[in-house]
Amino acid sequence: MFTLELVDSLDQIFKHLNVLQQHLNQIKLVSQLTPAFTSQAVDLVSTSRTTGFGLPISTQAVDCSSKAQSATFGLSELQLSITFSTNTNSPNTQNIFAGQIQTETPYFQPNPPAPGPFPYVASLNDPQFSQQSVNNIPAANSWGIRLLNAKNILIYGAGHYSFFDNYSTSCSAQGNGAACQNSIVSVEGSSSSVSFYNLNTVGSHYAFSINGATGGLYSDNANGFISTIALFRPN
C-alpha cells in the first residue's frame, strides 16, 4: 500500500514537472517570436535580486517594447515575480491577452518608497513618482500593472493586492479606508483599446490612475474584503 502511494506521489510530481516544462517552452517560444521580450526574459534569470524572504526580484518583470507585435500569456501555474517599482510594466505593448493575473505590492513599502532600494533606470522605462503620499496614503508604491502607450489589451480577471504598510496590515483591514496605497493600476500616455474585466483590488484607496487622475474609489466598489470593478475601460 505504501509503495503504491509513493508511486502515485512520484507520478504527480513528474506530471507537475512536465507542466512546468511546457510553460517554460512557451516562454522560450514567445522569446523567439518577440526579440524585445527576449532580453527581458533573460533579465529575469541573469539579473534577478532577492528579498529577505528568498523571492527572486527582477529589475523588470515583463517589458514588451514596440518591437513585440503580439504575444499571449497564459501563466496559470508559473508565476513571474515582482519588481519594487512595478509588478508588470508594459511600455508600447499591443495585442495582449492576460487572464487571472495577480500581484502584491512589496510588503516593506513605503519604507523605502518605490523604486527604492534600487535607483531609477530610465532605459527600463521605470515609473516615476511625483508624490510620496496623498492625504497620508502612500503614493509611491509599486504599481500592480502599468500600461504605457499600450494598445489592444484584454485582461480577464485581475487581482492587485496591497496588504501592508511597512509590514503592518492595519491599512488593509476592513473599515480602515483601504489606505495601503493611493492607486494600484496605472494607464499612461496614449494607451487605447484597454479592457479590464473583473478588476479586484485590496488596500488601494483608488483602483486606477489614468495619466495621474485617480478613479475607482474603494468604497464605491466594495465587495466584502476586496473592491471589484466589473468592467474598466479607460478610453
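This is a predicted model: local features need pLDDT of at least 70, side-chain atom pairs count only at pLDDT 80 or more; totals for chains, interfaces and linings use all residues.
Of the chain's 235 residues, 43% are buried.

As for the fold, you'll find 15 strands and two helices in the protein chain. Take the contacts between residues at least 6 apart in sequence, and 70% of them join residues at least 24 apart.

Now for the inside. In soluble globular proteins, nonpolar side chains tend to be buried together. Here, the largest nonpolar core contains 18 residues, and Leu147, Ile153, Ile155, Val185, Phe196, Leu199 and Phe232 are the ones with the most contacts inside it. At least two residues of this core come from each of strand 5 (94-104), strand 8, strand 9 (151-161), strand 10, strand 11 (192-202), strand 12 (204-210) and strand 15 (226-232). Zoom in on valine 185: leaving aside residues up to four places away in sequence, its contacts are Trp143, Ile145, His160, Phe196, Leu199, Ala207, Phe208, Ser209 and Phe232.

What about charged pairs? Side chains of opposite charge can pair when their charged atoms come close. The count of salt bridges here is one, and it joins the side chains of arginine 146 and glutamate 188, at 3.0 Å from N to O. The partners sit 42 residues apart, with arginine 146 in strand 8 (residues 143-148) and glutamate 188 in strand 10 (residues 181-188), so the pair links distant parts of the chain.

Technical notes:
Residues are numbered from 1 along each chain as its sequence is written. Side-chain values use heavy atoms; hydrogens and water are left out. Helices (H or I, at least four residues) and strands (E, at least two) are DSSP runs, numbered from the N terminus. Buried means under 20% relative accessible area, exposed over 50%, partly exposed in between (1.4 Å probe, protein chains only). Contact means heavy atoms within 4.5 Å. A salt bridge is a side-chain nitrogen of Lys or Arg within 4 Å of a carboxyl oxygen of Asp or Glu. A nonpolar core is a set of buried Ala, Val, Leu, Ile, Met, Phe, Trp, Tyr and Cys residues joined through side-chain atoms within 4.5 Å.
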